[in-house]
Amino acid sequence: MRTINVSVNGTKHSHEVEPRMLLIHYLREVIGLTGTHMGCETSLCGACTIEVNGKAVKSCTMFAVQADGAEILTIEGLAAPDGTLHPIQDAFWTEHALQCGFCTPGMIMITKQILERNPNPTEHEIREGLDGNLCRCTGYQHIVNAVRTASLHRDALASLPKAGA
Amino acid sequence: MIANSFEYSAPGSLKEALALLAEGAKPLAGGMSLIPMMKLRLANPEHLVDIGRLPELNYIREENGELHIGAGVTHFEVESSPLLLGKCPLIAETAAHIGDIQVRNRGTIGGSVAHADPSADYPAALHALDAKIVLVSGEGTRTLSTEEFFLDTFTTALEPGEIVSEVIVPVDAGLTGTSYQKFLQPASGFAIVGAAARVRQEGGKFTLVRVGMTGLSGNAYRARNVEDALVGKEVTDANIQAAAALVADGQDASSDLHATAEYRAHLAGAYTARALRAALARSA
């Protein structure tokens with residue numbers, strides 16, 4: 001067992017974990033944040049996407065011990081404390097960018113990274129950015145529309161919560 | 001999918017890490033190849049040493065006309081480095097082709113070259129760049145050419161206890177044009193074939209040609225026959241096509257669900273020609 005210290009959505013946590021525990025299992029089962037979804041478990045589908053020190057990662061392909069000392073942001077950390085949706089969540093709502101919703105937490109987290117690195121992406125750049133996230137319902141068009149809609153709210157995006165540097 | 005149990009060490013210095021590796025521990029960098037293998041229990045290391053966070057392996061710097069990329073540098077850092085984009089655009093362009101954003105945020109150049117996947121993108125570019133791979137262990141360091149380093153499928157010249165510490169690529173003078181062209185397997189993002197080309201021309205003739213090929217066979221390679229067919233020749237599309245058609249000669253082309261050996265060999269020629277043309281268009 002090994003002790004790790006992490007900050008998740010601004011709250012500090014310290015736990016003893018087995019080195020083989022995956023970060024997604026730590027978030028879901030130890031901390032109890034089940035918004036991050038376990039999809040394929042093989043780093044293909046992106047449903048488990050979170051941010052570690054400001055970088056989008058697939059939390060099924062990282063051991064919790066590798067995150068020791070990190071600032072983590074999950075889907076639960078996006079909306080305001082009063083429940084007001086984050087502009088990207090709002091864009092997914094407005095554009096009907098989900099059907100079953102299973103992929104949505106990962107889609108929203110990767111959208112955040114796409115727009116931080118390229119605030120005004122073309123449709124091609126959006127589709128390339130979503131390359132590591134699978135949706136089995138929508139055919140992607142409404143998701144692409146939602147990313148574009150979110151990109152139009154640049155002032156709101158500038159006040160995004162940030163995990164780490 | 002849960003990996004077998006293992007002991008985990010996160011040393012604060014390269015020296016400490018090398019001492020643990022000398023005792024038989026295995027290195028963990030970004031984990032983008034190792035962790036999936038551990039989850040499938042294809043790899044069952046008893047002791048992992050986390051070298052992914054060592055500051056000593058995380059740098060990109062120019063020294064004596066060469067660019068030194070620390071093994072811990074992520075693919076995202078390679079693709080977005082102003083220094084590399086300006087002075088060695090081929091390595092940055094190639095990094096941008098790897099996996100997806102999340103994989104590029106975690107995966108490292110040292111881990112990728114040490115893994116030596118026969119469909120990985122970097123080896124093609126590194127062959128074309130005449131790159132050098134620097135290895136370090138408790139015994140000291142040694143510097144190998146790409147042809148000395150990449151030996152076979154998932155097989156390199158790394159000895160037990162030794163890790164890749166950096167990759168050295170040249171500053172490509174303004175006259176050199178480069179390109180990486182990839183035909184990818186859309187589900188995995190891996191190359192079915194990937195061709196890297198690097199050319200210089202003077203007076204209407206090729207003065208330097210380098211071609212690296214990945215994905216075609218069990219090991220990425222430098223296509224010296226293509227290079228030899230072009231150096232000193234006139235810069236014409238017919239010459240490019242004739243030379244590119246040689247790229248699969250003597251290679252044991254792989255066959256799988258996604259591409260037969262014959263199709264792969266055809267793609268290798270077509271993508272080599274594309275890479276040469278694109279590189280030429282970027283040369284002065």
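Ser9(B) counts as buried in this predicted model, because its relative accessibility is 12% (buried means under 20% relative accessible area, exposed over 50% and partly exposed in between, with a 1.4 Å probe and protein chains only). Ser9(B) is placed in strand S1 of chain B, residues 7–9 (strands, E, of at least two residues and helices, H or I, of at least four are DSSP runs numbered from the N terminus). When neighbours within four places in sequence are set aside, Ser9(B) is in contact with Leu20(B), His47(B), Leu48(B), Val49(B) and Asp50(B) (contact means heavy atoms within 4.5 Å).

The model is predicted: local features need pLDDT of at least 70, side-chain atom pairs count only at pLDDT 80 or more, and totals for chains, interfaces and linings use all residues. Residues are numbered from 1 along each chain as its sequence is written, chains are lettered from A and ligands numbered from 1 in the order in which they are written, and side-chain values use heavy atoms, with hydrogens and water left out.

Ser81(B) is also a residue of chain B, in the loop between helix H3 (75–80) and helix H4 (82–87). Ser81(B) is buried, because its relative accessible area is 8%. A polar atom of the Ser81(B) side chain lies 3.0 Å from the backbone nitrogen of Leu84(B). Between Ser81(B) and Ala29(B) the separation is 52 residues in sequence and 20 Å in space, C-alpha to C-alpha.

Chain A is divided into domain 1 (2–77) and domain 2 (87–158), with bounds that come from an automatic or database domain assignment. The C-alpha centres of these two domains of chain A lie 21 Å apart. In the interface, 18 residues of domain 1 of chain A are in contact with 15 residues of domain 2 of chain A. The two domains of chain A bury about 1200 Å² between them, 58% of it on carbon and sulfur atoms (buried area is the accessible area, 1.4 Å probe, that two parts lose on being put together, summed over both).

One salt bridge is found by the rule across this interface of chain A (a side-chain nitrogen of Lys or Arg within 4 Å of a carboxyl oxygen of Asp or Glu). The side chains of Glu51(A) and Lys112(A) form a salt bridge, at 3.0 Å from N to O. Strand S3 (49–52) and strand S4 (55–58) of chain A each supply at least two residues of the side of domain 1 that touches domain 2.

Terms used:
Polar contact = N/O pair within 3.5 Å; in protein donor to acceptor, adjacent residues only side chain to side chain.
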